[in-house]
Amino acid sequence: MDGSLTGYLIGILICIVCSAFFSASETAYTTLNRIRMKTEAEAGNSRAALALRISENFDTFLSTVLVGNNVVNIASTAMATVMFTILFANNGASISTVVMTVVILIFGEITPKSLAKEYPESFAKAVAPIFRVLMLILTPVNFLMKQWKKLLRHLFKGESKNKMTSEELRNIVDEAHNEGGIDEDNVELLRSALDFDDQEARDILTPRVDLVGIDVETPFEEIADVFLENTYSRLLVYKETIDNIIGMVHEKDYFCALHEGQKELEPIITKVIYVSSSIQIFDLLRVLQQRKLHMAVVVDEFGGTEGIVTMEDIIEELVGEIWDEHDEVKHYIQKVDNGRYKVDCGANLEDLFEFLHLSVDEDAFDSVTVNGWVSEQLERVPTVGDTFEFEGLRVTVTGATAHHAVEILVQLPDERKEEPSGKDTAK
């Protein structure tokens, strides 16, 4: 092989190495974890800080990569064409095309990009100083590319979709969980946090029928019996009717007053706030924090009492059920036998559907509790013995008061009797 052919061969090899460098760099900066890189930069890693600045100026970086990659690929192809023409005369151009396509594809694209994808942060930090110089050298070219991009943006106006949606964030959390980066407890907390802002007071309130309160005219000594019977730390105080709640009384304040011989309820009544059922629980949490209150009364469109929401109810939406030594564990869904389940009608409707593995949109119903759902299906106040079919299930009302359903029996179809049940719910 004469000197000219050796020179061409060395030039081609150098160009292939440069092509691999640019291809790997593009993949590294496209797939690197910016949060991890930012953490390293804040810890004092200068390479990470430089790589982070380059990734934040991605358009300039990409222009540099594309210009460099195209230059070396074109140069290597031109030299290969000359070299193979010298070696094989008339067939040189065809052979050059085939050989260089394979070589560039394998050694200039696939291999370096695969390696960079495995270690994106490490590679990005390693090449950051080189790209700082290259980006500086190619400043005029990058400036022209930016102007071209502005022209294209002006010609093809469209709505920007660069903002990350909550659904995309949920997918990121799920992927991190599947790859072992987040354990089950933390992923549940993150999912709850993502769903937190979407929930309204009506989704978590304690309904009116379950409220316990006292009339403001109740004899002072008799209130002790109400506290002892219900084991609540706070009782609602109303005037004449539960639709006219005027505040609440704390157990500690009451028994202190009773011990001191006080006979009047008014001085120990704490005011409550009134909110609409459509208020988002995130906003309600802020209001309760600002006013240093524990409870809010939820009113309906007519001003009547729909239920209450406590600070504990809101926090439980983030961290799950919070128990204390006085809480009574109540299982809302209990298995009777194979394929039959007894359900307390105070259970959350979404929890019931999840337990029974039903792919039903809960938003299609106005109710959030099983009792409301049963009333919707029957289109009247439920009574004992009422039945209806839903998604293959047979639902029978087994307990009811004059105003609402208390308990139902859900029977699965025969083909689903052997299915494992979902996670039980308790309160």
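Is Lys-113 buried or partly exposed? Lys-113 is partly exposed, with a relative accessible area of 28%. Here, buried stands for under 20% relative accessible area, exposed for over 50%, and partly exposed for anything in between (1.4 Å probe, protein chains only).

## About the model

This is a predicted model, in which local features need pLDDT of at least 70 and side-chain atom pairs count only at pLDDT 80 or more, while totals for chains, interfaces and linings use all residues. Residues are numbered from 1 along each chain as its sequence is written, and side-chain values use heavy atoms, with hydrogens and water left out.

## The nonpolar cores

Let's start with the inside. A nonpolar core is a set of buried Ala, Val, Leu, Ile, Met, Phe, Trp, Tyr and Cys residues joined through side-chain atoms within 4.5 Å. The largest one has 31 residues, and the members touching the most others are Ile-12, Tyr-29, Met-37, Ile-54, Phe-61, Ala-124 and Phe-131. Two or more residues each come from helix 1 (3-31), helix 3 (46-56), helix 4 (58-88), helix 5 (92-118) and helix 6 (120-137). Helix 1 supplies the largest share, 9 residues. Helices (H or I, at least four residues) are DSSP runs, numbered from the N terminus.

Leaving aside residues up to four places away in sequence, Ala-124 touches Ala-28, Tyr-29, Leu-32, Met-37 and Ala-51, where contact means heavy atoms within 4.5 Å. Another core, of 27 residues, lies apart from the largest one and includes Tyr-341, Val-343, Phe-365 and Val-397.

## Salt bridges

Side chains of opposite charge can pair when their charged atoms come close. With a salt bridge taken as a side-chain nitrogen of Lys or Arg within 4 Å of a carboxyl oxygen of Asp or Glu, the count comes to 10. One of them joins Glu-121 and Arg-36, at 3.6 Å from N to O. Glu-121 sits in helix 6 and Arg-36 in helix 2 (residues 34-42), so this pair ties together parts that are 85 residues apart in sequence. Glu-121 is buried at 12% relative accessible area, whereas Arg-36 is partly exposed at 44%.

Back to Lys-113: its salt-bridge partner is Glu-109, with the closest N and O atoms 3.2 Å apart. Both residues lie in helix 5, 4 residues apart, or about one turn of the helix. Glu-109 counts as buried, at 19% relative accessibility. Elsewhere, the side chains of Glu-200 and Arg-202 meet in a salt bridge of 2.2 Å, N to O. Glu-200 is partly exposed at 23%, and Arg-202 is partly exposed at 30%.
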